[in-house]
Amino acid sequence: MRAGGIILAAGFSSRMATRTGGGSKALLPLPGGTFLELAAAALRAGGVEDIWVVTGHDREAVENKTLELGLLPVENPNFASGMFSSVCAGLRAALNAMDAMDALLILPVDAPLVSPASIKALLDAAAMTAPEERTRKVFLPVLPNILPGAPASGVLPAAPAPGVFPDAPLSGVLPAAPAPGGLQGAENSLPPCHAARQRALLKGAGHPPLLGAALARAALDWNGQNGLQGYFASLPENQLEFIAISDSGIMSDIDTPEDYSRFNHA
């Protein structure tokens, strides 16, 4: 299975202005490297070779670093309109460049602490899914406690990141109840219990989602309401695959100076 990665690094980083001096947070240092370096390293070590970086604010500096790292820059001239415009810019570039692409991971640069094991767990889950199903699914990482007591099916062995949940070495697929009517038109006919469960799981999902190729192409037609989360919420439940992963990094967004101080403790 061939999968690519998209790192979203176009935003203003306005909440981090006191640390960035007005530049992009993608270039801020953390233990082990900058935000961008860590995000790219996690994708590569997890098994992703082709990585696009969407640029916008502080474009020249971010693009220079992107090229230095051997990554593929994609300019989003409309980055000020919101993150979903960067998602679309990255998807277009990746899908146009690679006709044989099976799936795409989308990782915001402010979530650089995802472990390579988590990337691999998502790729493994997709690889174990039949190609005709995989292409129309999104695989979403969630912490195992998001569904207390829920059984895991198709359990995948994955080593947790060092120091992260050392006593919880397993990751696996959390089964989703089938949506009435199959893949077509089911989003408006979910039973209330399934709809509530879907909303709860989506709210608790972390980074990065892995989109099958057909689903990624369809995302380009989404109206943008509530961004990528809104697109996922519009899907039938049987196109959502939740993967239980014991890695706090999937939930670690670094958006504020307080967040940065908490994680920048080298």
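Select Gly47 to start: this residue follows helix 2 and has a positive phi, near 115°. The model is predicted, so local features need pLDDT of at least 70 and side-chain atom pairs count only at pLDDT 80 or more, while totals for chains, interfaces and linings use all residues. Residues are numbered from 1 along each chain as its sequence is written, and side-chain values use heavy atoms, with hydrogens and water left out.

**Helix 2**

Helices here are DSSP runs of H or I with at least four residues, strands are runs of E with at least two, and both are numbered from the N terminus.

Next, colour the buried residues of helix 2: Phe35, Leu36, Leu38, Ala39, Ala40, Ala42, Leu43 and Gly46. Buried means under 20% relative accessible area, exposed over 50%, and partly exposed in between (1.4 Å probe, protein chains only). An α-helix has 3.6 residues a turn, so residues three or four places apart point the same way.

**The cores**

Select Ile7, Phe35, Leu36, Leu43, Leu105 and Leu210, the residues with the most contacts inside the largest nonpolar core, which has 40 residues. Strand 1 (3-9), helix 2, strand 4 (50-55), strand 6 (103-108), helix 5 (116-127) and helix 10 (257-263) each supply at least two residues of this core. A nonpolar core is a set of buried Ala, Val, Leu, Ile, Met, Phe, Trp, Tyr and Cys residues joined through side-chain atoms within 4.5 Å. A second, separate core has 34 residues, including Ala89, Ala94, Met98 and Leu235.

Zoom in on Ile7. Not counting residues up to four places away in sequence, Ile7 touches Leu36, Ala39, Ala40 and Leu43, among others; contact means heavy atoms within 4.5 Å. Its other partners include Ile51, Trp52, Val53 and Val54.

**Strand 6**

Now show strand 6. Six of its six residues are buried, so strand 6 is largely enclosed by the rest of the structure. Ala103, Leu105 and Leu107 lie on one side, and Leu104, Ile106 and Pro108 on the other. In a regular strand the side chains alternate between the two faces of the sheet.

Gly4 has Leu104 as its bridge partner in strand 6. Strand 10 runs antiparallel to strand 6, joined by three bridges, and Gly212 in strand 10 stands opposite Ala103.

**Two loop residues**

Select Met101, in the loop between helix 4 (83-97) and strand 6. Met101 is buried, at a relative accessible area of 6%. Ala3 is 98 residues away along the chain, yet the two C-alpha atoms are separated by 6.0 Å. Beyond its neighbours within four places in sequence, Met101 is in contact with Arg2, Ala3, Gly4, Trp52 and Ala213.

Finish at Ala205, in the loop between helix 7 (192-204) and strand 10 (210-212). Ala205 is buried too, with a relative accessible area of 18%. Apart from neighbours within four places, Ala205 is in contact with Leu140, Pro141, Val142 and Met251.

**The whole protein**

Zoom out to see 10 helices and 11 strands. Of the 266 residues, 52% are buried.

How values were computed
Two strands pair if DSSP finds at least two bridges between them.
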